[in-house]
Amino acid sequence: MLKKKICMVGQFGVGKTSLVRRFVESIFDERYLTTIGVKIDRKDVTVGSESVTLMLWDLAGEDDLAQLNVSHLRGASGYILVVDGCRAASLNKAVELQRRIAGQLGPLPFVLVLNKADLRDRWEVQDTAVAEHGWPTFETSAKAGSGVEEMFLALAGKLLQ
Amino acid sequence: MNLLTALGFAVFERSGEASFRLLGPAPHWLPAGSVTEAFPFLEVFLPDAEEFWADRGARTALYSDLWTQGGATGDELHFCAIAVAGERKLLLIECAEQRFQQARSFVQYAHEASLAREQIAKLTQAKTEFLARMSHEIRTPMNALLGMVELLSETPLNDEQRKYLQVFQRAGDNLLNVINDILDFSKVEAGQIDLENIEFDLAQVIQEAIEIAAVRARAKGLALVNRIQPNVPTLLIGDPGRLRQILLNLLGNATKFTDRGELTVLVETDSDQPVPGALHFAVSDTGIGIPADRLSTIFDSFSQADASTTRKYGGTGLGLAISKRFVELMGGKIWAESKPGAGSTMHFTARFSVADAPKPVAEGSAPVVIRNRGLRILLADDSEENRFLIRGYLKDSGCIIDEVENGAEAVEQFKQRAYDIVLLDAEMPVLDGYSATREIRALGATPIFLLTAHALREARARSFEAGCTDHLTKPIKKATLLEAINKAVPAASVSDRIHVPVEAWLKPVVGGYLEKRRGDVRKLRAALDCSDYDTIRMLGHQMCGTGGGYGFEPITEIGSALEESALASDSARMRASIEDLDRYLNNIQVE
Ligand SMILES: Nc1nc2c(ncn2[C@@H]2O[C@H](COP(=O)(O)OP(=O)(O)OP(=O)(O)O)[C@@H](O)[C@H]2O)c(=O)[nH]1
Ligand SMILES: [Mg+2]
């Protein structure tokens with residue numbers, strides 16, 4: 001079966017692992033267990049008439065101590081830039097990561113995800129600041145489950161085009 | 001190989017182009033299939049491993065990052081790949097549970113701490129905004145409340161009522177202190193404190209702090225001693241308000257924890273910093289002391305030596321934390337020394353600039369009465385309570401007050417006639433105080449005071465930008481208002497002034513002495529109204545004994561007249577003496 005590698009990138013604690021977990025296992029955990037290195041999961045999906053195995057590479061979030069290892073994106077068909085809507089700084093981080101990835105790997109399909117939509121009344125990220133980039137953008141809640149599947153399937157669809 | 005398996009390694013040898021052969025037994029965690037099928041992570045590691053096997057340089061092994069995936073049993077496991085250099089190209093896959101847990105506990109801690117810091121910063125921000133708003137909301141009615149109490153205390157009251165009123169006043173003052181502490185602390189926390197940089201007289205600041213602290217210290221029978229070493233420069237540039245606040249905090253604490261003995265304030269040059277203006281202050285008491293293990297934490301927020309202390313002695317426990325921040329902003333440090341049972345000393349250092357030339361001696365404006373009688377004042381405030389309050393403050397001053405309820409009416413009224421002073425509330429309907437100031441300023445140079453409930457520096461800036469003469473923060477004390485008016489309106493006629501020379505060393509206390517006598521005038525009037533001749537006799541007796549000592553012979557004379565007439569129950573003569581005293585106090589000019 002066709003395999004596509006998709007990477008989750010973003011600042012630490014934005015919900016990358018939780019999004020994958022929601023998508024693959026349909027569960028959510030309030031507890032925060034930070035990812036070390038890479039966490040790899042797989043999920044078979046059908047897009048239109050085509051079946052594909054998504055290899056989901058959940059990369060450790062970037063922090064002040066450790067930078068994203070861009071070589072982990074080698075062979076990826078696309079990636080997901082995850083932002084925590086409650087932390088304005090995580091959007092800046094996503095913008096910075098996108099620039100670095102494009103700089104090293106050339107243009108790769110990606111989507112921007114504003115996560116924690118269940119906490120929308122506490123969001124700091126401004127719509128205008130997001131719109132400025134003109135990137136395909138999804139709002140998700142790993143907690144409530146909203147938007148998660150749509151987002152993964154939309155990217156998968158784009159990778160199959 | 002069994003040893004390696006036991007240690008959690010699976011060992012593969014690179015046998016051909018991208019094909020790997022397992023050496024030794026298969027560990028139970030090894031997923032089925034080829035190594036590259038079993039471990040998708042290898043797709044990013046093998047290119048690096050190939051490069052390493054081809055040219056290993058000085059290294060003996062190349063480690064991959066850790067990764068997490070399902071193992072043979074479906075559980076999540078943590079792995080690491082190691083390319084080993086040598087004759088044979090060996091690839092080790094380590095089931096690295098322990099290393100993973102160690103790495104994670106470290107990173108987890110860093111991330112949680114970082115998230116907590118962000119959260120705290122956000123909460124602090126929100127709290128500061130909330131507190132600034134609350135301080136506004138609380139200070140405005142507090143202004144009205146405390147003002148009313150001040151006015152009420154000037155009316156005839158019986159003993160019981162007076163006692164209730166004192167409790168009211170004390171509770172109100174305490175509440176205001178708490179509010180101010182919280183406001184200060186939140187500003188300190190949010191880094192919103194900027195120090196003032198103005199010229200001031202160190203001796204005066206210390207004297208003021210001591211005078212305030214003395215009220216409570218004396219009530220407990222404590223002596224207050226003040227020693228400024230002769231080589232300390234007294235004319236400095238810095239933030240006198242904050243310095244006074246530090247001293248008051250330290251003196252307040254010393255008073256709280258001391259039951260007998262004395263409090264000392266010592267100022268000397270800072271021997272560790274031989275630059276002019278670097279000073280060392282020490283506030284000592286003979287109180288219960290501080291246990292050795294608490295000495296280093298008492299300057300942390302909310303840390304009185306003991307939570308039970310807060311209950312017993314009251315206070316927010318923020319005073320020392322605020323003082324610490326102020327001291328640090330002044331380029332100094334604060335620390336404590338103590339012998340439990342024998343007393344404590346709070347030390348702090350601070351750096352000031354030394355002012356060049358002594359200022360010309362200020363006018364003797366300490367006694368606060370309106371110098372000029374018959375001033376015409378325009379007052380605009382939409383709150384009836386506030387207008388009532390100001391009216392009350394000015395009621396004995398002989399001023400004529402015209403009241404309006406908003407800025408637009410104020411501007412209209414101002415066009416109708418000439419005023420000596422304009423008092424504008426900052427927040428009013430129709431036209432606010434700032435806009436009204438601008439319009440009135442365009443019409444003339446009359447002194448304008450803006451009254452606001454905002455203590456923050458930005459509010460002052462905004463007022464001055466609008467062109468006001470001065471900015472008064474609510475709750476406004478009577479003395480502050482009167483002083484401001486005196487400052488703004490030049491003395492009309494000097495002819496009826498009584499000039500009294502006062503010896504230099506007495507000057508710092510003369511203001512307070514005269515202010516107390518002014519308070520006596522009120523008490524005397526009240527006592528006369530209810531035929532309380534005992535009080536009049538007693539007050540007269542006190543004046544008689546003290547006036548001359550300060551150089552105010554007439555006060556001694558009036559005092560003795562009061563004492564005599566009270567004994568004789570001669571109310572007409574008492575009334576005349578009280579008026580004499582009032583007139584004398586109003587016209588006195590200290591030199
Ligand atoms: N309310 C809410 N919380 C979420 C959501 N997604 C994730 N979280 C919580 O956010 C925290 C971090 O989630 P993770 O999925 O571990 O974040 P991550 O991006 O993988 O973090 P790193 O692995 O450290 O880079 C956890 O406590 C989650 O429970 C969401 O949609 N809503
Ligand atoms: Mg994660």
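User: Among contacts in chain B between residues at least 6 apart in sequence, what percentage join residues at least 24 apart?

Analyst: In this predicted model, chain B has 591 residues, and its secondary structure is made up of 18 helices and 21 strands. When the contacts between residues at least 6 apart in sequence are taken, the share that joins residues at least 24 apart is 65%.

User: What percentage of the residues of chain B count as buried?

Analyst: A residue counts as buried when its relative accessible area is under 20%. Applied to the 591 residues of chain B, this cut-off gives a buried share of 46%.

User: How many salt bridges does the rule find across the interface of chain A and chain B?

Analyst: The contact between the chains takes 22 residues from chain A and 25 residues from chain B, and the area buried between them is about 2,200 Å², of which carbon and sulfur atoms give 57%. One of the salt bridges joins A:Lys5 to B:Glu43, with the closest N and O atoms 4.0 Å apart. Across the interface of chain A and chain B, the number of salt bridges found by the rule is 5.

User: Which element gives the largest share of the side of chain A that touches chain B?

Analyst: By class, the side of chain A that touches chain B has 10 nonpolar, 6 polar and 6 charged residues. Both β2 (38–47) and β3 (50–59) of chain A supply at least two residues of that side. The largest share, 3 residues, comes from β2(A).

User: Why does A:Thr34 count as buried?

Analyst: A:Thr34 is found in the loop between α1 (16–25) and β2 of chain A. Residues are called buried under 20% relative accessible area. A:Thr34 counts as buried because its relative accessibility is 3%.

User: Which residue of chain B has a side chain in polar contact with the side chain of A:Thr34?

Analyst: Leaving out residues up to four places away in sequence, A:Thr34 touches B:Arg104, B:Val107, B:Gln108 and B:His111. Between chain A and chain B, the count of residue pairs in polar contact, with both residues at pLDDT 80 or more, is 17. For the side chain of A:Thr34, a polar contact at 3.0 Å is made with the side chain of B:His111.

How values were computed. Residues numbered from 1 in each chain as written. Chains lettered and ligands numbered in written order. Predicted model: local features only at pLDDT ≥ 70, side-chain atom pairs only at ≥ 80, totals over all residues. Heavy atoms only, no water. Contact = heavy atoms within 4.5 Å. Buried area = accessible area lost by both parts, 1.4 Å probe. Salt bridge = Lys/Arg side-chain N within 4 Å of Asp/Glu carboxyl O. Polar contact = N/O pair within 3.5 Å; in protein donor to acceptor, adjacent residues only side chain to side chain. Helix = DSSP H or I, 4+ residues; strand = E, 2+ residues; numbered from the N terminus. Nonpolar A, V, L, I, M, F, W, Y, C, P; charged D, E, K, R; others polar. Buried < 20%, exposed > 50% of the residue type's maximum accessible area, 1.4 Å probe, protein only.
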